[in-house]
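Please keep the sequence and the model open while reading.

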Amino acid sequence: MWAMIVKEFRQLRRDRRTVALLVFQPILMLVVFGYAASFDVSEVPVNVFGPGAERVARVLPPPFEVQEVDEGADRADAESALRDAEVPVAVVTSSTGTTVLLDGSELFIAQETKATLATLSDRVPEEIAGSVEVEVLFNPDLETSAIMIPGLAAMILLFVGSVITSLGVVRERQAGTLEQLAVMPIRPVDVFLGKIAPYFVVAAVDMVIVVLAGMWLFDVPFEGSVFVFTLGALLFLFVTLGTGVLISSVSQNQGQAIQLALIVLLPQVMLSGLIFPLSSMPAGVRWIGYVLPLTYFVDIARGVMIRGASFEALATSFLYLAIIGLVVFGLATLRFRGSLAPARRRRETPERTLEEALR
Amino acid sequence: MSWGVHDVTVRFGEHLALDAVSLEAPPGRVTGVVGGDGAGKTTLLRCLVGAVAPDGGTVRSPEARRIGYLASTSGTYPDLTVEENLTFSATAYGVSPARARTRVAELLDRTGLEPARDRLAANLSGGMRQKLGVIRAMVHRPELLVLDEPTTGVDPVSRADLWWLVARAAADGAAVVLTTAYLDEAERASWLLALDGGRTLTQGTPDEIAAAVPGTIRSVSRRPDGEAARRSWRRAAKWRVWSPAEELGAGGAELVRPDLNDAVTVAALATELETAANGGGPR
């Protein structure tokens, strides 16, 4: 047994990257999740519209943070502000009373606001607010499943994309076929696209199944445009699969690839707003959420499915997702160029010169 | 157009993998590269196919589309069938589907792999897998066919088949460069380059190399003592002793006509003795 233990320790020591990952990963998880795991709602951005808006805005206590006050705006404006995710709460005043509109897709904020409003009547005099009515839009029963299913669909894509794809290049490396690929007349970008194509199809089918199952089994609404959702899903898939290939191309073996995939995957689950609201996270951790693709796809999926948000309203998320996609695609292709054809470029230069000289 | 390398030097960090090595690979010729482990054979081939950029010297090789390469690591995808492996290569090298079908059928037929057409490469015997690797490398009729140790770990019958395949490719006009660690089969090549420690030991036709051995070689039944021990090596049940100067054998010693195996061994010994004489220790 001693011989076996010594052998295993020696092998582990040689695989320094795995050791580093094994040490680094738990620390990362602890720090990130420790700070991120919070359902507390410290701020609730709110727009106040209607004739009495100025007066109501003045007396709104924390956690409400007034973003916009417009005495000329009405309920329709408030609804569209919620639909476009400008704010999760809007207060609409009128001669008959005050209506508080809540965005049901922001589950925790909506719940918190409901609870706060129940105690608020003591603090806001009735002559200012009148009778206060609370109305939840988009997910009126505040169903957890309604906001989780779109996110889960994204998470499943993330699993298929990152974990399975991350083994693709490593497998070639370990089977010794990468060298063969390196000398074939295949461009790095073709290798990249070829690698992700089959998983793209599988993940797209997965996506359709999950969304349909969510709608049929859990009555998750699908309010918005299928086209916008599909566009977002395809973009997200591209990013996810690209990340998998990138992970694969920097890993020496399958163990490293899986570890790295998990390092990329778990923070996305925790920090994308899928489970814990981004607004509840301290700024030091929240910024991580803003560089993760899942954050933007969760936003798109919830926006389209629950709120029926338009492409324009989600344009920022699409833009960031596209930027992340370009970065991942660029890095993976560069990485392929480095590991697939280190010699080709260096050799091409003198050859071209020779051809030119002969001409 | 003749392919090849001229004065190629490759360093991996401090290690000098190739030291000013030159090799011509004209069309229609099977050029063999021989040498022990770590001699630089694989590095030379990788230079030729563009997988390694040389630190010095020049490489003349066709564009990637017209090179066929079997790496020493593995030439096949274990989770694809024989036919799928070949089709993948043909497509990657731009062979039209119709021509690929004909070529695959022809190669499978020629190598006796036809019955294994639908078998996964992982389930092939070592010899069959090597054959598949070789025909995969030549499926697109490359102008330069580069095979790294195609016969290593292959039984004698399959080795003969593989050499036949290689000879056919050369007869069809390809410039073939292959490495082997087996000197007995290297004689089948039309031209040989012997490497040792990244340097050229000798090159020429197998006959030229055998004929160019300086001094004499004797076959004795016991290993000689003293200084001569450093110039001796085992051949089957007997020992060979090389004398750099012409010297007629005495005491029952038998002069032998050197073959390729002797010639390459002598070339390596001569380099080693020269290095030692110049103050460097044996490598």
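B:Val82 is buried, because 28 other C-beta atoms lie within 10 Å; a residue counts as buried if 20 or more other C-beta atoms, placed from the backbone, lie within 10 Å of its own, as exposed if 12 or fewer do, and as partly exposed in between. The residue is found in helix α2 (residues 82-92) of chain B. Helices (H or I, at least four residues) and strands (E, at least two) are DSSP runs, numbered from the N terminus. Leaving out residues up to four places away in sequence, B:Val82 touches B:Leu113, B:Ala116, B:Arg117, B:Arg119, B:Ala121 and B:Leu132; two residues are in contact if their C-beta atoms, placed from the backbone, lie within 7 Å. B:Thr111 is 29 residues from B:Val82 along the chain, and their C-alpha atoms are separated by 12 Å.

The model is predicted: local features need pLDDT of at least 70, side-chain atom pairs count only at pLDDT 80 or more, and totals for chains, interfaces and linings use all residues. Residues are numbered from 1 along each chain as its sequence is written, while chains are lettered from A and ligands numbered from 1 in the order in which they are written.

**Confidence**

The predictor gives the complex an ipTM of 0.77 and a pTM of 0.76. Chain B averages a pLDDT of 88, and 95% of its residues score at least 70; pLDDT is the predictor's confidence in each residue, from 0 to 100. Within chain B, confidence is highest in strand β6 (residues 144-147), at a mean of 96, and lowest in strand β13 (residues 254-256), at 83.

**The two chains**

| Chain | Secondary structure | C-alpha box along principal axes | Buried residues |
|---|---|---|---|
| Chain B | 8 helices and 13 strands | roughly 70 × 40 × 30 Å | 44% of 283 residues |

Among contacts with a separation of 6 or more, residues 24 or more positions apart account for 75% in chain A and 68% in chain B.

The largest nonpolar core has 174 residues, of which A:Ala90, A:Ala154, B:Val146 and B:Val176 touch the most other members. Such a core is a set of buried Ala, Val, Leu, Ile, Met, Phe, Trp, Tyr and Cys residues joined through C-beta atoms within 7 Å. Helix α11 (residues 226-250) of chain A gives the largest share of this core, 12 residues. This helix, α11(A), is largely enclosed by the rest of the structure, because 19 of its 25 residues are buried. From first C-alpha to last, α11(A) reaches 36 Å, close to the 36 Å expected at 1.5 Å a residue; the expected span is 1.5 Å times one less than the number of residues. Beyond four places in sequence, A:Ala154 touches A:Phe236, A:Leu294, A:Phe297, A:Val298 and A:Ala301.

In helix α4 (residues 75-83) of chain A, the buried residues are A:Ala78, A:Ala81, A:Leu82 and A:Arg83. They pack against β1 (44-49), β3 (89-93), β4 (98-103), β5 (132-137) and α14 (293-307) of chain A. Just after α4(A), A:Ala85 takes a positive phi of about 60°. Helix α1 (residues 41-49) of chain B is mostly covered, with 9 of its 9 residues buried.

A:Ser38 sits in the loop between α2 (16-36) and β1 of chain A. It counts as partly exposed because it has 16 C-beta neighbours inside 10 Å.

**Where the chains meet**

On the chain B side, 19 residues are in contact with 16 residues of chain A. The elements that give two or more residues to this side of chain B are β4 (56-60) and β5 (67-70). By class, the side has 13 nonpolar, 5 polar and 1 charged residues. Ala, Val, Leu, Ile, Met, Phe, Trp, Tyr, Cys and Pro count as nonpolar, Asp, Glu, Lys and Arg as charged, and the others, Gly among them, as polar.
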